[in-house]
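Hello,

Here is the two-chain model for your files, with the sequence and coordinates below. My notes on it follow.

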Amino acid sequence: MTENTDKKENKEKNENIGSVHILNRVINDIVRIFTEQGFEVATGTEIEDERHNFDDLNVPKDHPARDMQDTFWLKDFASHLLRTHTSGVQIHFMKDNKTPFKIVAPGKVYRYEATDKTHEVQFHQLEGLVIGENINLGHLKNALNTFVKKFYGEDVETRLRPGFFPFVEPGVEVDMKKGDGEWIEMLGAGMVHPNVLENCGIDSKKYQGFAFGIGMDRVAMLKYGIDDVRKFYDGDLRLINQF
Amino acid sequence: MIFSYNWIKEYFDEELPTAEKMVELLTVHSFEIEGLEEKTLSDGTMDSLIDIDVLPNRAHDALCHYGMANEISIITGLRLKEIRSEIFESEEKITNQKPAEIKVDIKEDFCRRYIAKEIRGVKVEESSIEIKNKLETIGQRSINNIVDITNIVMFELNQPMHAFDTDKLDGGICVRFAKEEEQITTLDNKEVDLDSETPVISDDNGVLAIAGVKGGKKAEVDSETVNIVLESANFNQSLVRKTSNKTGIKTDSSKRFENEITPELAKVAINRATELILKYASSDNTNVFESVDVYSDPAEQTEINLTVQKTNSLLGVDLDTQQISDILNKLKFKHVINEEVLKVEIPYERLDLNIETDLVEEIGRIYGYSNILDQEIPSMDFSPKVNNEYGVNTLIRKTLVELGFSEVITSSFVAEGILSPMKPFADDRKYLRNSLKSGLEKTLNLNQKNADWLGLDHIKIFEIGKIFVGEPENYSEKMYLGISVINKQGIKKPKPGTFIKEALERLSEILEQEIKIKINEDQDIFIEILLDEVYESINSEKLSIKEGTVEYPMFPKIKNSSYTNVSQYPFVLRDIAVWLPNETSVDELVSILKNKAGELLVKEPRQFDEYKKDDKTSYAYRLVFQSFEKTLTDEEINKIMESINSEIESKGWEIR
């Protein structure tokens, strides 16, 4: 009888524990991987101005690079938008802080897109930025390898291949592969473009660094086998309470 | 863009790697590949189509077959046929060119270069099979030999071209802005209203084309055409982009101009087109006229000093001057070496290469990113600070989850509000939320319906998210915590407000500050709290679990390591209550329930009542049935229940 009562209590206790949303759990796990390596967490606003979301990031007006991120511009509010990435947070950080530094910036972002299993108008990103005197592409590799190995497992490897984002040069796409599996596209990254550094008042002759941006939704979908990104945002506890 | 393997092959004498191998090489050195497929053309020819994602940085040079062939030549080391110099010479080869008669008048500086070339006595007919095949592979429609040739040249060299019927022109060609209320009927018969900001090509009487975007009906080349004027021009990138966006006309031509191409290409293209017209569309009476070339703003030769130091420092490698020079040779970039500095002459079409770091990328990708070693980030003079927003949010999540609350993330877009996006994406999501309330209410209702499936008597949820208040210009963005509770239908106590009150008390305790929100335990099912104030007043040290470092609170352990799909079909409930002798373990009953219910039982049987009387105890369980394939009928479930009942009876237990 006592045994039964214990069991019952355990069960009730279990039922009584709610769930952190799986996306925030994933963000938390990844942030921890970086804070353990001495990164600072930076946060910012979801409404941004054109300058911090695009111009300072070397994405000029009337340039096709702007089409790479379909934007929610705000009505009756010139030059204001819902941030398309958390890069604006990094711009503010660079302007307001001394170099060198290591930061990660998690947050909700928005893109004006048709929604389907892999696209939502709102999703979550985590961007990283390291600026110092001799930071190079090999250091980026290290940061990303540390992340995938701690998050997905020791048998996961990464590869860099050419990519294009106006705010980095060189720009790379990063793929990962588990064991003998296929290469899967993971994230975009690169060495911060000198124009971006200069726009933020950092001497690009003295300092350089890397940046990366990871889509949290995709990471969560891959790790936990969730097939539809829209399921993260309908508040259905039949998904949320599984984790 | 779709590339034809057969087409690319024409530019090489040596044998190319297979399409699969090419895809592999391009992936690691140059571009992302979207797809590769075999295609049988209508005449039976086999080709491989490679869908290559050429992004804006390389659209200047590689959004065309010859440009892509050059890239392949660089990464494979195979020699590319130098068709360009041949083309350059080809004009001189046409010895009997007549002096130009066409007049070209450039009125605006959005046109950096305009080449017009008249050819008389052409034979307009169906294209030859070689040309038709090329167009078919890349998904383009064949019109007639002249129009097809202008398209072929664009997909070969990246230079958009146009052909006008000379006999339909009134006077010469003029490049200008449209006049207010001018109109054009485009080649696909659409009427487009123009304004004084629209760049156009016109003759003395009217508009012939929207510059760089789309040709017009007026001077269209058709089967009756005998004399043509070829246009190979260069129009300002952002003006073409604006025009294309404003008119809503996106073409292969506008795409190339808005990405910017070098005006140097115009000459190559006009020669190539002339060569092809002489080959495929000439008659005994064909006469070629000299080009009129108005080149007001010539391209400048870019030179970049590339240092060994910067290359190594950015890439994290240890290359010497000679190694870098070798890579530049592979890239076919002319350069002179001056000790540790390489002065590099950039090909005209590579408009993406402007500064030293641009060249470092070229070195890196040809050297191979896989050859760069993983290197530990050197220690730096930086001590991370606690981020109060992130820390407080983490602490709140942990606290509420421990109290049985679950976190939801709802849409930032709602049906009513003030701030809104210019183009909303759905009628019921026109505004940015100014409260978390409506999102949480919707969520409560959804989950209340599934309370039995979830095994919950109380749906307890929260959200931490931004809300947006006020008018544009003086709006503010605030971080809020919303907490909401509803009971399962039929469950009266405790009331939702009791849980909310408990949550607020615990949060006040944990955050060490009083949360001043009045709550009516009998009525309230929703509250929201401004968090920005908490971030300001919290003691940062409280947010790190390890003194002297930044280590944010940990969440309770995750419950499952992978997601189990949820059926879209309705679920069916059945309750069963059984008297068990006190000495019998309830586990025995549960295992019978599970075994007999089988696959359709989607959740663990949930006990909702236990009642002891003398030497026996009554246990009541609720069973949730659901199928992934269909809506379950009562009959199906009754059958299962019967088998459960008979198994229980055979044990000698009494069903209540």
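I start with a hairpin in chain B: six residues lie between its strands β22(B) and β23(B), and Gly470(B) there has a positive phi near 90°. Helices (H or I, at least four residues) and strands (E, at least two) are DSSP runs, numbered from the N terminus. Two strands count as paired if DSSP finds at least two bridges between them.

This is a predicted model, in which local features need pLDDT of at least 70 and side-chain atom pairs count only at pLDDT 80 or more, while totals for chains, interfaces and linings use all residues. Residues are numbered from 1 along each chain as its sequence is written, and chains are lettered from A and ligands numbered from 1 in the order in which they are written.

Strand β22 (residues 458–469) of chain B runs antiparallel to strand β23 (residues 476–487) of chain B, with 12 bridges between them. Within this pairing, Lys466(B) is opposite Met479(B). β23(B) also pairs with strand β24 (residues 526–530) of chain B, again in the antiparallel sense, over five bridges; here Ile483(B) faces Ile527(B).

Chain B also has an open sheet of five strands with mixed pairing, in the order β4-β7-β10-β11-β12. Its edges are β4 (104–106) and β12 (214–215) of chain B, each of which pairs on one side only. Strand β11 (residues 207–210) of chain B is joined to β12(B) by two bridges in the antiparallel sense, and Ala209(B) has Gly215(B) as its bridge partner.

Chain B is split into domain 1 (2–81), domain 2 (91–295), domain 3 (303–368), domain 4 (388–543) and domain 5 (572–655); the bounds come from an automatic or database domain assignment. Taken over C-alpha atoms, the centres of domain 2 and domain 4 of chain B are 60 Å apart.

Chain A has eight helices and nine strands, and its C-alpha atoms fill a box of roughly 75 × 45 × 35 Å along the principal axes. Of its 243 residues, 53% are buried (20 or more other C-beta atoms within 10 Å of the residue's own; exposed is 12 or fewer, partly exposed in between; C-beta atoms are placed from the backbone).

Between the chains, the contact takes 89 residues from chain B and 75 residues from chain A, where contact means C-beta atoms, placed from the backbone, within 7 Å. Helix α13 (residues 388–402) of chain B gives the most to the chain B side, with seven residues.

On confidence, the predictor gives the complex an ipTM of 0.93 and a pTM of 0.90. The mean pLDDT (the predictor's confidence in each residue, from 0 to 100) is 93 for chain B and 91 for chain A. Among the elements of chain B, helix α4 (residues 83–93) has the lowest mean pLDDT, 63. In chain A, pLDDT stays under 50 over residues 1–14. Where pLDDT is low, the predicted coordinates should not be read in detail.

Regards

Technical notes. Two residues are in contact if their C-beta atoms, placed from the backbone, lie within 7 Å.
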